[in-house]
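User: I have a model open and want to go through a few spots in it. Can you take my questions as they come?

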Amino acid sequence: MQEIHDASPETGSGALFGFLGTPAKVRQELSEEETLKLVIDQLERLFGPEAQNVRAILYKDWAKDSETAVENGLEPHRDFPSYGPPTEAGIWEKKVIFAGTETNSQFGGHLEGALQSAETAVFEILNLNNQPL
């Protein structure tokens, strides 16, 4: 996994989520079972043998989703994609604020891009309403 994040609730069992760094073309050659074994093996190396005692794994390979996958998505990212805001943002001015990893020009395609985009959107909303930060 290239990103692992703590999604644990305040009480109860722990939870992690993350993203695979394995290119889609390589994942296509592996079964889901083989892929998940690699994930568990990595978690065991990071967190110890108790990581083998997983209660559940929810797995989604977006590269296999016909509604979201595109051909160039099969190639691994060599760098953060540079998406940036929509090119015709002027027509949406003060009506719609676009936020998401795809609108961040520094960390596109990653959680950091989504977080920075959210911060920018909140800043814009507060400025539109002349609210203090």
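User: Where is the place of Thr-35?
Analyst: Thr-35 lies in helix α2, which covers residues 32–47. Keep in mind that this is a predicted model.

User: Is Thr-35 buried or exposed?
Analyst: Thr-35 counts as buried, because its relative accessibility is 6%, and the cut-off for buried is under 20%.

User: What does Thr-35 touch?
Analyst: Leaving aside residues up to four places away in sequence, Thr-35 touches Leu-20, Leu-30 and Tyr-59.

User: Switching to charges. How many salt bridges does the count come to?
Analyst: The count comes to 3 salt bridges. In general, side chains of opposite charge can pair when their charged atoms come close.

User: Which residue does Asp-61 form a salt bridge with?
Analyst: Asp-61 pairs with Arg-27, and the closest N and O atoms are 2.8 Å apart. This pair links distant parts of the chain: Asp-61 is in the loop between α2 and α3, while Arg-27 is in helix α1 (residues 24–29), 34 residues apart.

User: And are Asp-61 and Arg-27 buried or exposed?
Analyst: Asp-61 is buried, with a relative accessible area of 8%. Arg-27 is buried too, at 12%.

User: What about Asp-41, which side chain does it meet in a salt bridge?
Analyst: The side chain of Asp-41 meets that of Lys-37, at 3.0 Å from N to O.

User: How many residues apart are Asp-41 and Lys-37 in helix α2?
Analyst: They are 4 residues apart in helix α2, so about one helical turn separates Asp-41 from Lys-37. Asp-41 is partly exposed, with a relative accessible area of 21%.

User: Which residue forms a salt bridge with Asp-65?
Analyst: That is Lys-60, with the closest N and O atoms 2.8 Å apart. Asp-65 is buried at a relative accessible area of 14%, whereas Lys-60 is partly exposed at 44%.

User: Which ring does the charged end of Lys-60 sit over?
Analyst: The charged end of Lys-60 sits over the ring of Trp-62, 4.8 Å from the ring's centre. Lys-60 therefore has the salt bridge to Asp-65 as well as this placement over Trp-62, while being partly exposed because its relative accessible area is 44%.

User: Rings, then. How many aromatic pairs are there by the count?
Analyst: The count comes to 1 aromatic pair. It is made by Phe-17 and Phe-19, with ring centres 6.1 Å apart and planes at 85 degrees, so the pair is edge-to-face.

User: Why edge-to-face?
Analyst: Because the planes of Phe-17 and Phe-19 are at 85 degrees, and planes over 60 degrees apart count as edge-to-face.

User: Last topic, α3. How many residues does it have?
Analyst: Helix α3 spans residues 111–128 and has 18 residues. From first C-alpha to last it reaches 26 Å, close to the 26 Å expected at 1.5 Å a residue.

User: Which residues of α3 are buried?
Analyst: Gly-113, Ser-117 and Ala-121 are buried in α3. Seen down the helix axis, the buried residues of α3 fall within an arc of 70 degrees, so they line one face of the helix.

User: And which are exposed on the other side of α3?
Analyst: Leu-115 and Glu-119 are exposed there.

Methods:
Residues are numbered from 1 along each chain as its sequence is written. This is a predicted model: local features need pLDDT of at least 70, side-chain atom pairs count only at pLDDT 80 or more; totals for chains, interfaces and linings use all residues. Side-chain values use heavy atoms; hydrogens and water are left out. Helices (H or I, at least four residues) and strands (E, at least two) are DSSP runs, numbered from the N terminus. The expected span of a helix is 1.5 Å times one less than its number of residues. Buried means under 20% relative accessible area, exposed over 50%, partly exposed in between (1.4 Å probe, protein chains only). The arc is that of the directions from the helix axis to the C-beta atoms. Contact means heavy atoms within 4.5 Å. Rings of Phe, Tyr and Trp (its six-membered ring) pair if their centres lie within 6.5 Å; planes under 30 degrees apart count as stacked, over 60 as edge-to-face and the rest as tilted. A charge sits over a ring if NZ of Lys or CZ of Arg is within 6 Å of the ring centre and within 35 degrees of the ring normal. A salt bridge is a side-chain nitrogen of Lys or Arg within 4 Å of a carboxyl oxygen of Asp or Glu.
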